[in-house]
Amino acid sequence: AGRAYLEMYVCGLRLRATPEAFLRPNFLVVDSLCDTVLKLAEVRSSDVVWDFFCGQGPLSVVLGQRCNRLVALDRAPPAIDACRANLAEHGLEKKSWTLCVDLGSPAELRSLALRMEGEEILQLTARGAPEFDEDEEQAPEAEQPSAGSGHALVPNSRIPRPQVVVADPGRNGMPKPMRRFLIGLDARTVVYIGSGRPLIRDCAWLNGRGYRLKGLTPVDSNPHSG
């Protein structure tokens, strides 16, 4: 029997990837993608960085090397387990929160907000925007994982608010509740990894609520697929 994980290198950092969680299949562009994110994010040593849809943590580990504190979020327990292990491998576990959160669930986002530093974020909104669109389905209260499961929604300590947000939501873009939540975070910089109409839709939505598009960099992560 072989190893239960795949070993890969991202920006010179060794990571372990599990087959149970999402991983970008084109390893040849991962370094380029990470370098581009770092350039656009302009992370300062004093910053708190949130990595939405962190997966197994390739960006989390790279960002964690440069920031003060890191919050990595994903809905898949295997991905969070792998991300946590990769952060620990590089000595970043004491400055990091790895949270298993469904970013499309209003109930889980409310629960997350209640554990954060500061008061303004508790409304999950900013700049007078309604909390959720009227046509959004209100999710029931999320079931809390059992004690000792390793997938608690948030640790006991207060979660710091971000100055930089990185989001890699996949082909469907950001869920509506997450967009509202993101506006409430009021981060200095948002770096969005996306494609197609969902990327345009979400950028236009953010542009109408206080953010401005300052840079756009194409990265061909799926060559010969057009």
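Analyst: Helices α5 and α6 pack at an angle of about 40°, with their axes 11 Å apart; axes are lines fitted to C-alpha atoms, for helices over the stretch in contact, and angles run from 0 to 180 degrees between N-to-C directions. The two helices, α5 and α6, are therefore oblique to each other (under 35 degrees counts as roughly parallel, over 145 as roughly antiparallel, 65 to 115 as roughly perpendicular and the rest as oblique). The crossing of α5 and α6 is right-handed, meaning that the near helix is turned clockwise from the far one by less than a right angle. On the α5 side, Arg 179, Arg 180, Leu 182 and Ile 183 meet Arg 201, Asp 202, Trp 205 and Leu 206 of α6, where contact means heavy atoms within 4.5 Å.

This is a predicted model, in which local features need pLDDT of at least 70 and side-chain atom pairs count only at pLDDT 80 or more, while totals for chains, interfaces and linings use all residues. Residues are numbered from 1 along each chain as its sequence is written, and side-chain values use heavy atoms, with hydrogens and water left out.

Helix α5 spans residues 176-185, and nine of its ten residues are buried (under 20% relative accessible area; exposed is over 50%, partly exposed in between; 1.4 Å probe, protein chains only). Helices (H or I, at least four residues) and strands (E, at least two) are DSSP runs, numbered from the N terminus. Among the buried residues of α5 are Pro 177, Met 178, Phe 181 and Gly 184. The cover over the buried residues includes α6 (196-207), α4 (106-114) and the strands β3 (48-52), β6 (164-167) and β7 (189-192). Just after α5, Asp 186 takes a positive phi of about 55°.

Trp 205 has Arg 179 over its face, at 5.3 Å from the ring centre, and Arg 209 also lies over the face of Trp 205, at 3.9 Å. The criterion is NZ of Lys or CZ of Arg within 6 Å of the ring centre and within 35 degrees of the ring normal.

A search of the whole structure finds two aromatic pairs. The rings of Trp 50 and Phe 52 have centres 5.7 Å apart and planes at 55°, so this pair is tilted. Rings of Phe, Tyr and Trp (its six-membered ring) pair if their centres lie within 6.5 Å; planes under 30 degrees apart count as stacked, over 60 as edge-to-face and the rest as tilted. The rings of Trp 50 and Phe 181, with centres 6.2 Å apart and planes at 35°, are therefore tilted as well. This pair links Trp 50 in strand β3 to Phe 181 in helix α5, 131 residues apart. Both Trp 50 and Phe 181 are buried.
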